[in-house]
Amino acid sequence: MLRVHELQKSFGGFMAVTEANLAVDQGEIIAVIGPNGAGKTTLFNLITGQLKPDKGRITFKGQDIAGLPAYRVCRLGISRSFQIVNIFSRLTVFENVQVAVLAYLKRTLNLLRPVKHLAIRETKDILVNFGLMDKADRTSGSLSYGDQKVLEMAIALGNRPELLILDEPTAGMSAEETAGVIKLIHRMTADLGLTILFCEHDMEMVFSISHRIMVMQMGRTIVEGTPDEVKNNPMVQEAYLGGEEE
Amino acid sequence: MEPASNITVTALCQQVLVGLSRTTILFIVSSGLSLVLGVLRIPNIFHGSLYMIGAFLTYSIATYFGGGSIGFWVALILAPAGVALLSLALERGVFSRLYDREHLMLLLFTFAMALVLGDLVKLIWGSDYRSLAAPMILQGSFLVMGLPFPRYSLFLLIVGPVVAFGLWFLTNKTKIGKISRAAAVDMEMVGAVGINVSWVFASVFVIGCFLAGLGGALVAPTQNISQGMGHNIIIEAFLIVIMGGLGNIWGALLGAAIFGLTDSVGILVWPQYAIVFPYLSVVMVLLFRPKGLLKSVW
Amino acid sequence: MSIMGSMSQKRWVWGLALIIVLPALPLFLSRFYLYLLALIAVTGLLATSLNMVLGFGGMYQFHHTVFYGVGAYAAALMLTKTGLTPWLGFITAPFVSAMFGLVMGLICVRLSKLYFGMLQISLGSLVWAIVFRWYSFTGGDDGIHGVPIPDSISSAAGSYYFTLAVTGASLLIMWLMVNSPFGRTFQAVRDNPQRCEAIGVNVKRHQLVGLIIAAFFGGVAGVLFVVVEKSVFPDMMFWTHSLEILIMCLLGGWYTFLGPMLGAAVMVTLRSLVGIYTEYWTMVLGIILMLLIFFLPQGVLGFLLDKLRPDNSAARPEEV
């Protein structure tokens with residue numbers, strides 16, 4: 001489904017991503033792990049068009065998407081959430097998700113129809129799924145941090161992606177909230193047939209839900225494999241896991 | 001209406017010199033604006049008012065000292081200093097409390113200051129035109145290629161590079177300059193290494209405003225000193241700063257030169273619409289280089 | 001606009017009162033007050049059109065009065081220089097403004113916030129400079145006076161009714177736009193352009209459309225200005241005027257639909273009242289603006305609405 005081949009990106013003189021390779025197939029849950037500054041977020045930004053790669057190929061369902069603007073990438077069926085909360089803080093929770101649905105329906109340049117009656121059912125479905133329905137009318141900026149992170153993901157589902165990219169979905173969450181997110185991810189893959197690519201520092205979560213794991217270090221893919229393979233790989237243990245497990 | 005066809009080389013040279021002396025004023029004012037924009041990120045609209053106040057102060061001080069040559073030289077020092085003092089009071093009293101606000105609010109606040117300062121000038125000096133004679137030594141003209149060239153313009157042509165050098169020295173060779181350049185790039189970093197950012201900001205702000213006052217003082221003998229002069233110069237200065245690259249002193253110099261020359265040479269080509277040429281040059285530059293000619297610090 | 005939701009019942013009462021009272025006013029008021037009301041309507045319409053991009057789109061529209069001036073000049077020139085029916089001029093002028101908006105937008109929207117605003121000021125100043133100098137066509141710094149307005153709307157009451165009707169219709173259309181899918185998306189662009197791109201919204205295109213709409217209604221306000229004043233002059237598109245209109249939006253509250261109209265009403269009234277007592281109006285304006293920025297950055301109407309919704313007021317970010 002998604003193929004990343006020898007991707008490269010530098011900022012000024014700093015190589016953020018030197019050589020990233022990645023393959024994601026339909027229906028998989030793939031995790032990208034690596035120490036801070038390994039280039040995970042940059043990799044995601046390159047895939048979803050927030051940044052343009054210097055070199056390398058990104059294909060999605062056979063189509064070359066490297067360097068496309070973000071909104072075009074999104075329309076092809078790749079959606080994402082952000083590491084920092086990135087919502088529309090002056091809109092209500094309902095409106096936050098509704099805008100995403102409207103964008104999916106290509107209705108956003110419609111000037112005179114009342115928006116009140118548009119995309120209601122689709123929006124409500126998502127809100128119910130994410131347990132945000134009782135907060136639908138609150139200004140999103142007034143939600144708790146945990147709820148904002150959940151809304152962050154809900155927005156990403158507004159345009160019915162096939163591939164969902166989550167950048168540290170549980171960062172800063174309590175154990176309870178994290179469990180909720182894990183449950184959500186399982187449900188999304190089961191019910192909606194979503195493919196998920198995510199990065200996360202919570203190793204317990206990574207190893208419990210991923211089908212495959214890709215390990216990045218200094219902008220490079222160093223290992224890719226099933227959780228067991230990755231766990232037993234000496235390079236990974238040395239570079240990353242070792243310190244934590246001892 | 002129709003463009004003049006009999007442009008002689010000497011007339012052209014003369015207009016270029018006039019344009020370059022105008023460049024000096026524009027450069028001095030816009031480099032101050034650029035400094036404040038680059039380091040403090042404040043689009044300071046009352047920069048133009050300070051320029052006007054500089055000119056009025058020069059008039060008053062020079063008149064107080066008898067209106068002769070000595071009066072002018074004293075005023076040339078005291079007027080910009082007075083403007084700098086005023087700006088220091090404003091920075092400490094008001095602006096230091098607003099730095100965390102958004103650009104738009106800061107812009108509007110400086111506009112509010114411009115409105116108040118404009119009316120204060122009207123209160124103090126009235127709404128009549130004032131004019132001031134240049135000191136004896138700078139009156140009259142030289143002959144340049146058979147055409148008269150005002151001595152005062154020549155004086156400006158000397159002052160321009162001196163100020164430019166001074167600014168270069170200040171920003172590249174002194175501690176405050178280095179700190180402020182670092183602050184322009186990454187303010188938090190400078191704060192993190194234990195430098196008092198607030199103090200740096202105040203100094204930069206005062207230096208920028210001093211330049212506005214200096215520009216006003218220097219322009220005083222060349223034109224009528226009037227209420228509206230702040231409104232025009234500030235837009236010109238903004239355009240120059242954008243054209244040159246926000247926060248870049250050399251960009252301000254380049255922009256000022258383009259602005260000054262298109263204006264003065266434009267008068268030769270098509271007198272009635274000369275005012276349009278500088279604006280047009282800005283638009284052309286920004287069409288092709290939207291971020292300005294030289295590297296912006298932003 | 002969900003902010004207005006809690007007021008919706010009261011709103012209809014107010015609306016009804018306005019519909020009855022405003023048309024009846026010419027029976028009671030002198031020419032001066034009718035003129036003042038018409039001027040408030042024109043200025044309010046201008047401020048509301050600015051707020052379409054400023055408050056609802058988060059764009060730094062620093063030089064909005066260019067479109068106002070272009071609309072006014074287009075109408076005045078068509079009325080004085082051509083033999084066509086004046087009504088054609090009235091209808092064409094806003095489209096001329098919209099065209100200017102399109103051109104300016106194509107040049108400016110690729111830039112980030114502050115650069116956008118600054119480039120707009122430079123382009124606007126260019127337009128101003130041309131109008132200011134082109135004596136043979138625009139009348140230069142004198143402007144054009146004695147524009148022949150059709151008899152039916154040239155009297156004080158006539159121009160009042162015309163202005164009122166056009167302003168009302170324009171406000172209604174803009175209100176529909178704010179509450180359309182475009183309006184909602186535009187507000188999302190204001191809050192977070194990066195996220196908008198990520199959900200498949202072409203941000204630049206929406207900003208361009210917003211700018212054209214704002215320019216169009218700015219042009220409508222310009223036409224109304226010609227009807228009320230029967231003259232045009234370059235100062236109406238000088239940059240300081242643009243900032244004054246911006247202040248009206250701030251005063252009323254730029255996250256509210258009617259805030260700019262309220263701001264315009266307060267400012268236009270104040271200006272004519274203060275003008276009686278002192279020639280230092282701009283100082284008063286400056287002081288009001290400073291107080292606003294320090295104490296009421298969300299504007300009068302914004303402040304009142306926040307008070308009505310206590311659950312949200314605390315969480316609203318301080319910045320614009």
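## A helix in chain C

Helix α3 of chain C covers residues 65–81, and its 17 residues should span 24 Å at 1.5 Å a residue; the end C-alpha atoms are 23 Å apart, which agrees. The expected span is 1.5 Å times one less than the number of residues. Helices here are DSSP runs (H or I, at least four residues), numbered from the N terminus.

## How to read the model

This is a predicted model: local features need pLDDT of at least 70 and side-chain atom pairs count only at pLDDT 80 or more, while totals for chains, interfaces and linings use all residues. Residues are numbered from 1 along each chain as its sequence is written, and chains are lettered from A and ligands numbered from 1 in the order in which they are written.

## Where the chains meet

Two residues are in contact if their C-beta atoms, placed from the backbone, lie within 7 Å. Which chains share the most contacts? Of the two pairs in contact, it is chains A and C. Here 38 residues of chain A are in contact with 30 residues of chain C. On the chain A side, α2 (70–75) and α3 (93–104) each supply at least two residues, and α3(A) gives the largest share, seven residues. By class, this side has 19 nonpolar, 12 polar and seven charged residues. Ala, Val, Leu, Ile, Met, Phe, Trp, Tyr, Cys and Pro count as nonpolar, Asp, Glu, Lys and Arg as charged, and the others, Gly among them, as polar.

In the other pair, 34 residues of chain C are in contact with 30 residues of chain B. α5(C) gives the most to the chain C side, with 12 residues. That side has 26 nonpolar, five polar and three charged residues. No contact joins chains A and B, whose closest C-alpha atoms lie 14 Å apart.

## Two helices in chain A

The axes of α3(A) and α5(A) (residues 145–157), lines fitted to C-alpha atoms over the stretch in contact, come within 7 Å and cross at roughly 30 degrees. These helices are therefore roughly parallel to each other, a label for angles under 35 degrees, with angles running from 0 to 180 degrees between N-to-C directions.

Val93(A), Asn96(A), Val97(A) and Ala100(A) of α3(A) make the contact with Leu151(A), Ala154(A) and Ile155(A) of α5(A).

Conventions:
Parallel < 35°, antiparallel > 145°, perpendicular 65-115°, else oblique.
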